[in-house]
Amino acid sequence: MTGKNPFGLSDGMKEQLAAELLARHARKKEKKKANARLPKKPVRKSLSGRNDGIPDEFCRFDKFPNYEEIRVIESGGKQLGIKSPFFKTHDQSAGATTQIAGQEYINFASYNYLDLCGHPQVNQAAKDAIDRYGTSASASRMVSGERAIQQELERSLADLYEVDDCVAFVSGHATNVTTIGYLFEKPDLILHDALVHNSILQGIQLSGARRMSFAHNDWEALETLLEQHRKDFERVLIVVEGIYSMDGDFPDLPEFVRIKRQHKAFLMVDEAHSLGVMGATGKGIREHFGVAGKDVDIWMGTMSKTLSGCGGYIAGEQALVHHLRISAPGFLYSVGMSPTLAAAANESLKLMLAEPERVKQLQANGKRFVGLCQQVGIDTGVAPGFAVIPAILGGSARAGMVANQMFDRGINVQPIFYPAVEEGMARLRFFISSAHTEEQLRYTVDALSEILAAKK
Ligand SMILES: Cc1ncc(COP(=O)(O)O)c(C=O)c1O
């Protein structure tokens, strides 16, 4: 544990206290929510015509309930002497190792899966793009026009999936929000895995379509929902991820393809964490299962992980991609992808395909890490060892404290708390890189095992 221990509490007592704080706050929030459902008192108008009696919570930023919740957690952590593990400043590009405040750490907190971010060829491609185009596309592509590098990246991604076309957006999160939010609407139904990413949920909310979730990776539950409800809706979209970002596992894609065909639904797969990670040459979940690109209707992915850039993409048939390019608000009313980042992503994709040994090494590292954890009884949940590996610890406070202790031992790994995962399922989330050495992996598992043993 770092920092002072102002109350002389043991780690266990701190965890209990923090859990109680969280629970108390959750109860308060529930009560507030229930009260909010009651009809509001009418706002009284004063003689001067100005509205009186407007509560602070409706006119002050510090009274927003979510912000109040953040403040409770932050000040609880501070009082208990738990340093915030977030927003650390890295001195350089972060791969298997990183430097923070002049100190070197083994790093598990970056999506640099194939060690391509910071690669000299990727950097050079980005620099060349700056020399040619400057740093910004300076307006929406429809208005300001195209840059050849944006088109080259989209063509490469379409070829990778063996589909008609691809369109790139400036943010991975916005790609999901705008694509789902724009394409689907009220008479439609969207069925999603219970553990999908926030960007998918936000897109569904924006769409106005009816939303139903099925238990994680449970295609039989999905099938049951479709049997019950398909006929009541117009279009139906099923959304799954290639690799789940909190648990590191993946769906049985061929079953989902079969089901979507049978029920005339669209299937969308978010490959944020599976591109570069699954399949013999990193082509993602479809290569892993030997599924044809055209078997999935909407391939989504991000440029911020394996491709060492920033942005998202949608690949699929012409009618889908052309439609989004002409009308999706997050494309049409947003600036075109920066040529610099398009060049970095394009070069990363070339390197991924040219050097499949990176993918092999990443997969071997993931398997090794899971195996080492299991040998010492660390709970990695259902993760098979594909780049994202959780160490499930229990309460949020515990995860925060263990992350700080790992940091003190020269290991940078992020804790994941409620509400990103259920309370009681807080964890350290390890992002594995192809560049991690066996020694680094062993040192990390030993350190975690020792810390957890000392806490028992
Ligand atoms: C599954 C998934 N989809 C979408 C996103 C959003 O991508 P980005 O961070 O590139 O905006 C993420 C982010 O990590 C993710 O995990």
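**View 1. Helices H6 and H11 are therefore roughly perpendicular to each other (an angle of 65 to 115 degrees).** The axes of H6 (residues 172-183) and H11 (residues 318-327) cross at roughly 100° and come within 11 Å. Helices here are DSSP runs of H or I with at least four residues, strands are runs of E with at least two, and both are numbered from the N terminus. Axes are lines fitted to C-alpha atoms, for helices over the stretch in contact, with angles from 0 to 180 degrees between N-to-C directions. Thr 179, Tyr 182 and Leu 183 of H6 make the contact (heavy atoms within 4.5 Å) with Leu 320, His 323, Leu 324 and Ser 327 of H11. By class, this contact has four nonpolar, three polar and no charged residues.

The model is predicted: local features need pLDDT of at least 70 and side-chain atom pairs pLDDT 80 or more, whereas totals for chains, interfaces and linings use all residues. Residues are numbered from 1 along each chain as its sequence is written, and side-chain values use heavy atoms, without hydrogens and water.

View 2. An N or O atom in the side chain of Asp 270 is 2.6 Å from a nitrogen atom of the ligand. An oxygen atom of the ligand lies 3.1 Å from a polar side-chain atom of Tyr 111. For Gly 172, a backbone N or O atom lies 3.2 Å from an oxygen atom of the ligand.

**View 3. Asn 217 has a positive phi, near 60°, and is not a glycine.** Asn 217 is placed in the loop between strand S5 (210-214) and helix H8 (219-229).

Key. Parallel < 35°, antiparallel > 145°, perpendicular 65-115°, else oblique. Nonpolar A, V, L, I, M, F, W, Y, C, P; charged D, E, K, R; others polar. Polar contact = N/O pair within 3.5 Å; in protein donor to acceptor, adjacent residues only side chain to side chain.
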